Amino acid sequence: MDSKQGRQGLAALTLGAIGVVYGDIGTSPLYTIKEVFSPGTGVPLDSEHLLGAASVIFWALMMVVTLKYVLLILRADNRGEGGIMALTALAAHAAGTTARRRTMLLLLGLFGAALFYGDSVITPAISVLSAVEGLEVVTPVLKPYVLPISIGVLVVLFVVQRHGTGLVGKLFGPVIVVWFLVLAFTGVVQITQQPAILQALNPTHAWHFLHERGWGLFAAVGAIVLALTGAEALYADMGHFGKRPIQIAWIGLVLPALTLNYLGQCALLMRQPGALENPFFHLFPQAGLIPAVVLATLATVIASQAVISGAYSMTQQAVQLGFLPRMQVLYTSAREMGQIYLPQVNWVLLVAVILACIGFGSSSALASAYGIAVTVTMLITTVLTFFVVRHGWGYPLVVALGATGVFLALDVVLVMSCSLKFWQGGWFSLAMGLAIFTLMSTWKRGRELLLESISADDPELLPFVTALAEEADLPRAPRTAVYTVANPDTVPQALMHNLKHNRVLHEQNLILTVRFHDVPWIPFTERVEVTPLVRGFWQVRVNYGFKNTPDIPQALGLCRSHGLVIDPFLTSYFLSRETVVPTKGAAGMAHWRDKLFATMSRNAGSVVEFFRLPNNAVIELGTRVQI
């Protein structure tokens with residue numbers, strides 16, 4: 001019975017992985033072949049080059065996706081979690097023997113994470129546009145309506161985010177399975193009519209194709225890389241589905257279906273070169289075009305949904321690791337904590353996606369913007385993996401270089417190829433990534449300077465509370481006071497302000513420090529640490545991983561096992577709200593970054609909502625801090 005249930009569970013996870021993980025890379029056939037043979041690449045449309053291009057795509061999928069991600073990088077999990085943030089934390093922890101190296105690895109990973117937001121804008125735009133462009137194959141009369149229909153689909157997609165994806169999510173797997181089966185079937189139909197295309201499985205055709213291109217190699221590879229976009233999702237979603245379901249889905253369905261479809265499109269072009277205007281939709285008979293457009297639109301919406309959900313998850317992790325200010329997080333499912341909705345992120349993404357659609361106008365134009373952010377992220381992932389293999393797993397330098405060196409060389413070629421499209425649109429995703437990176441690094445550094453400024457003037461905690469405990473004439477309220485502080489060794493600003501203005505002390509006073517660690521999960525058994533100080537005072541440290549959901553009242557309930565009983569109905573939370581005042585000429589950051597940090601600080605989300613504090617039990621005391 002256990003074995004049967006295990007197989008059923010594995011099958012369910014594999015189906016879910018197909019729907020969520022492979023939506024992005026699974027919709028790449030919509031536009032890849034068309035872009036490989038576009039005039040800008042200089043690749044002639046003839047049988048020899050069709051064989052070569054198909055061969056390069058197949059072996060790129062084998063090398064980059066199968067060998068690099070499926071076999072190597074999926075092993076580099078951070079307590080079961082994947083993604084650039086988890087890998088960054090893992091690499092920094094393993095190889096951060098010096099503060100400088102740790103900082104460099106954190107910044108490198110942070111830049112990779114920032115580039116993900118560029119992908120989160122381009123993926124929905126290019127995917128939905130390329131699907132709706134199938135209407136042009138049905139009849140050219142519909143061409144003027146492609147952009148408005150695409151924008152309408154995207155607006156609906158982002159508007160429904162606040163309702164959650166639980167219901168629609170159940171359809172992701174079956175729809176994408178049908179999509180991959182259709183990819184495979186339409187490819188097989190064309191291959192049977194032109195079986196010579198099967199020679200593309202021979203890597204010598206890939207070698208000859210690349211070798212004869214000379215310096216034109218980079219232009220061709222810059223288009224071929226479109227077949228690899230979405231590979232990062234294999235690693236990013238490992239925490240949701242596990243390593244094995246992702247591997248089974250790739251080897252058992254996704255790779256064969258993609259291979260057959262790419263070969264089928266090239267086989268079609270061998271017989272009908274005129275189909276290059278949209279080779280994917282020319283795989284279908286006239287009667288099947290409308291259903292094909294509908295299915296393609298559903299598949300691209302699912303691919304876009306996975307990327308949008310990934311942006312929410314990435315933002316939440318960045319907030320809890322201290323790289324972004326607090327934001328409103330809404331939970332759209334009572335059962336699945338991973339289903340979250342961030343309104344601010346959602347609307348910013350929607351505006352950016354619409355601007356991208358209007359600015360570029362077509363999937364072919366967007367293809368120039370696509371790729372560079374993805375390939376730079378791939379390169380960063382390989383570099384971080386080297387440090388994990390070398391320092392985390394303890395392999396010798398030769399082994400670490402051998403395991404990652406070939407992939408590093410491939411990634412460099414991919415980045416160089418995509419960089420040729422910088423002025424044609426590649427700047428878009430890079431500019432967005434740099435903007436997000438600036439925000440993240442400014443917030444991180446600004447918080448460090450803010451805490452240094454506060455700590456410089458705050459007295460030491462233990463002598464201060466010892467003196468308070470000895471004051472017999474100080475009134476004590478029969479309640480519990482919780483004072484939050486970043487540095488557990490200094491007196492909270494809120495405690496000093498409360499004493500100054502109210503001249504009262506509570507019977508139980510908790511000096512609370514919250515720490516987010518660079519691991520995904522902290523179990524309840526390790527959630528709280530309680531240290532008695534003097535009569536009426538305790539030091540409480542609450543630990544969270546970057547994927548845990550902060551809940552301070554729940555955490556304080558765990559103090560009972562440490563001998564500290566807290567009545568939630570007799571507890572008040574005293575918070576210190578800092579107003580940042582930028583000071584010209586001060587050491588630390590450039591003045592414009594000081595002003596940017598002050599703006600971000602003013603617009604940060606509520607501490608009350610972030611830590612799930614009861615609204616009617618919170619007292620906020622303000623203070624002005626110069627940086």
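Reader: In which helix is Thr-377 found?

Author: This is a predicted model, so every value here is computed from it. Thr-377 is found in helix H18, which covers residues 372-392.

Reader: Is Thr-377 buried or exposed?

Author: The general idea is to compare relative accessibility with a cut-off: a residue is called buried when the value is under 20%. Thr-377 has 8%, so Thr-377 counts as buried. Leaving aside residues up to four places away in sequence, Thr-377 touches Gly-112, Leu-115 and Glu-232.

Reader: Now a whole helix. What span should helix H8 have, and what is the distance between its end C-alpha atoms?

Author: Helix H8 runs over residues 146-159, which makes 14 residues.

Reader: Which residues of H8 are buried?

Author: They are Val-146, Ser-150, Ile-151, Leu-154, Leu-157 and Phe-158. Viewed down the axis of H8, these buried residues fall within an arc of 125°, so they line one face of the helix.

Reader: Why do residues spaced three or four places apart point the same way?

Author: An α-helix has 3.6 residues a turn, so residues at that spacing point the same way.

Reader: Which exposed residues are on the face of H8 turned away from its buried side, and what do the buried residues pack against?

Author: The face turned away carries the exposed residues Pro-148 and Val-156.

Reader: Next, strands. How many residues of strand E7 are buried?

Author: Strand E7 spans residues 571-581 and is mostly covered, with 8 of its 11 residues buried.

Reader: How many bridges join E7 to strand E3, and how many join E7 to strand E8?

Author: Pairing is read from the bridges between two strands. E3 (residues 476-484) is joined to E7 by 4 bridges, and the two run parallel. Within E7, Tyr-573 is the bridge partner of Val-482. E7 is also joined to E8 (residues 618-626), by 9 bridges, and these two strands run parallel as well. Here Thr-579 stands opposite Arg-624 in E8.

Reader: How many salt bridges does the count come to?

Author: The rule takes a side-chain nitrogen of Lys or Arg within 4 Å of a carboxyl oxygen of Asp or Glu. By this rule the count comes to 5. One of them joins the side chains of Asp-411 and Lys-68, at 2.8 Å from N to O. Asp-411 lies in helix H19 (residues 397-419) and Lys-68 in helix H4 (residues 47-72), so this pair ties together parts 343 residues apart in sequence.

Reader: Are Asp-411 and Lys-68 buried or exposed?

Author: Asp-411 is buried, with a relative accessible area of 1%. Lys-68 counts as buried too, at 1% relative accessibility.

Notes
Residues numbered from 1 in each chain as written. Predicted model: local features only at pLDDT ≥ 70, side-chain atom pairs only at ≥ 80, totals over all residues. Heavy atoms only, no water. Buried < 20%, exposed > 50% of the residue type's maximum accessible area, 1.4 Å probe, protein only. Pairing = 2+ DSSP bridges. Expected span 1.5 Å × (residues − 1). Arc of directions from axis to C-beta. Contact = heavy atoms within 4.5 Å.
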